[in-house]
Amino acid sequence: MRVTLKRNKVVIVGGGITGLTTAYYLQQKTKAHNLPIDIVLIEASLRLGGKIHTVRQNGYIIERGPESFFDTGSSVRKLARDLNIEHEMIQNNYGRTFIAVGSKLHQIPSNILLGGSPKILPFMTSNVLSLMGKFRAAGDLLLPKLPHAADEPISEFFNRRFGREVVENLVEPVLAGTFAGDVDHLSMQSMFPQFYQLEKDYRSLLLGMKKTGKGIYALVDTPGELHYESFENGLESLIETLENALTDVTILKGLKVNSIENNMDDTHLIELNDGTSIQADKVVVTTPFNVTKRIFPDSVTMQQVPDMNYATIATVTMAFEKGSMQKYEDALNFFVSRNSHFAITSCTWSHRKWDNVSPDGHELLRVYIGRVGDESIVELPDSEIEKIVLQDLERAVGLNASPLLTTVARWKEAMPQYTIGHESRMSTMKEQFYQEFPNVYLTGSSYEGISIPDCVFQGRTTAEQLLNQLAEAKLAI
């Protein structure tokens with residue numbers, strides 16, 4: 001390795017999981033090879049982790065943001081292994097999954113959701129679809145490959161393969177309960193491109209699912225049935241371990257980046273809201289796209305791209321005495337169709353999904369409310385939200401008790417919505433943006449995946465790309 005005398009300052013904007021992962025892998029390579037790189041991480045809030053936020057209270061482990069992940073590419077596991085906390089990773093218990101249609105809950109065959117060989121009998125005997133809806137869905141076995149545009153709404157894709165009822169009673173509820181997404185506008189190419197490939201390879205999606213083991217919602221993209229994963233003391237264990245591991249990174253909390261400008265020598269001037277500034281050789285920006293746009297007021301490319309849509313949601317976690325619910329004793333979760341009488345979008349029996357999140361003799365429920373086009377409910381006072389949730393749970397699962405505790409966490413503009421043309425739009429934007437700012441990297445949930453594993457993968461990849469660019473320029477290596 002050849003090292004010059006010049007030191008390089010790398011500034012990472014945003015202390016969520018993407019920024020932390022980028023900082024960690026940059027630090028590890030810098031330490032391993034004694035590279036002349038100084039790393040600074042800037043976070044606007046007073047805590048790191050972004051939407052990953054665990055509350056540990058009175059024996060409960062409450063996730064205010066995401067509560068688990070599907071690690072299909074082992075990105076999180078690799079990071080946990082590098083941090084020596086792989087032994088703390090846990091997998092969920094299994095249970096039945098339901099869809100709320102009208103005022104009733106109907107079970108979904110688990111292999112349809114998670115993967116494996118789809119079985120026709122459980123599907124045909126399920127009450128999620130009407131008899132006509134079932135026959136229309138089975139028509140996928142006979143339909144030819146149907147023409148489609150390079151990208152289309154998720155609803156259109158599944159509608160032409162399975163019919164409208166599948167969209168309304170299966171696809172939309174799970175996406176609304178998972179991504180708070182509007183299937184009439186979300187991009188099929190950006191969210192689930194593997195189904196285009198299934199149609200191309202097997203003509204019928206049902207046949208393709210049988211051959212490959214993919215679940216109908218494409219929440220997994222490898223054969224077989226996978227687990228949700230978390231950490232035994234909550235997801236924030238990963239954030240806390242990352243923060244403790246960043247011993248050679250300068251972390252600035254409570255500081256907001258107002259702008260980033262080019263200097264004449266290809267470095268960058270980062271103006272902060274406290275009136276100070278930082279000179280940087282390389283910058284990694286992990287903030288949401290609309291925030292990033294404001295940071296680069298001089299970027300013609302950035303200003304020409306429309307603002308991105310984001311979903312506003314709230315998570316509501318409630319604790320109860322054991323035996324407070326009279327129905328669905330072996331259920332794990334349910335999702336809510338728009339064709340229902342409920343205000344919530346999903347509910348999970350957290351104490352059944354995980355073994356360690358509540359004290360003995362107590363139950364813990366986690367509910368989502370809010371979706372695209374129905375954000376006003378999130379703005380209600382906590383007491384009103386609690387009342388609405390309790391009414392829905394009374395009707396849905398026979399709840400007959402008051403909560404021992406309630407935690408409401410609001411996430412305004414939390415989930416980016418990958419609308420039609422997202423992949424192409426972001427690719428073109430990045431290519432043009434890098435002509436203006438060649439030493440700036442844009443990464444994070446606004447671009448190439450919103451899940452925790454997606455963000456970890458992007459963070460690690462960004463660190464590798466940055467180090468490779470430094471090596472090619474012979475600035476550090």
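A charge is said to sit over a ring if NZ of Lys or CZ of Arg is within 6 Å of the ring centre and within 35 degrees of the ring normal. The legends below concern a predicted model, in which local features need pLDDT of at least 70 and side-chain atom pairs count only at pLDDT 80 or more, while totals for chains, interfaces and linings use all residues. Residues are numbered from 1 along each chain as its sequence is written, and side-chain values use heavy atoms, with hydrogens and water left out.

**View 1. Lys353 with Tyr228 and Glu67.** Lys353 lies over the face of Tyr228, at 3.9 Å from the ring centre. Lys353 also forms a salt bridge with Glu67, the closest N and O atoms being 2.7 Å apart; a salt bridge here is a side-chain nitrogen of Lys or Arg within 4 Å of a carboxyl oxygen of Asp or Glu. Because Glu67 lies in the loop between E4 and H2 and Lys353 in helix H14 (residues 350-353), this pair ties together parts that are 286 residues apart in sequence. The helices (H or I, at least four residues) and strands (E, at least two) named in these legends are DSSP runs, numbered from the N terminus. Both Glu67 and Lys353 are buried, where buried means under 20% relative accessible area, exposed over 50% and partly exposed in between, computed with a 1.4 Å probe and protein chains only. The structure as a whole holds 23 salt bridges.

**View 2. Arg460 with Tyr25 and Glu464.** The charged end of Arg460 sits over the ring of Tyr25, 4.9 Å from its centre. The side chain of Arg460 also meets that of Glu464 in a salt bridge, at 3.6 Å from N to O. These two residues are four apart in helix H17 (residues 452-473), and so Glu464 and Arg460 are separated by about one helical turn. Arg460 is partly exposed, with a relative accessible area of 28%, and Glu464 likewise counts as partly exposed, at 41%.

View 3. A pair of aromatic rings is described by the distance of the centres and the angle of the planes. Rings of Phe, Tyr and Trp (its six-membered ring) pair if their centres lie within 6.5 Å, and planes under 30 degrees apart count as stacked, over 60 as edge-to-face and the rest as tilted. A search of the whole structure finds 14 aromatic pairs. In one of them, the rings of Phe69 and Phe231 have their centres 6.4 Å apart and their planes at 45 degrees, so the pair is tilted. This pair links distant parts of the chain, with Phe69 in the loop between strand E4 (60-63) and helix H2 (75-82) and Phe231 in strand E8 (residues 229-231), 162 residues apart. Phe69 counts as buried at 4% relative accessibility, and Phe231 counts as buried at 2%.

View 4. Phe158 and Phe195 form an edge-to-face aromatic pair, with 5.7 Å from centre to centre and 70 degrees between the planes. Since Phe158 lies in helix H6 and Phe195 in helix H9 (residues 193-202), the pair ties together parts that are 37 residues apart in sequence. Both Phe158 and Phe195 are buried. Ring pairs link Phe157, Phe158, Phe162, Phe195 and Tyr196 into a cluster.

**View 5. Phe157 and its surroundings.** Phe157 lies in helix H6 and counts as buried, at 0% relative accessibility. Leaving aside residues up to four places away in sequence, Phe157 touches Glu152, Met188, Phe195, Tyr196, Glu199 and Leu205, where contact means heavy atoms within 4.5 Å. Phe157 and Met188 are 31 residues apart in sequence, yet 7.4 Å apart in space from C-alpha to C-alpha.

View 6. Side chains of opposite charge can pair when their charged atoms come close. The side chains of Glu152 and Arg160 meet in a salt bridge, at 2.8 Å from N to O. Glu152 is buried, with a relative accessible area of 6%, and Arg160 is also buried, with a relative accessible area of 14%. A network of salt bridges links Asp140, Glu152, Arg160, Arg161 and Glu199.

**View 7. Ser155 in helix H6.** Ser155 has its place in helix H6 and is buried, with a relative accessible area of 4%. Not counting residues up to four places away in sequence, Ser155 touches Arg164, Val167, Val183 and Asp184.
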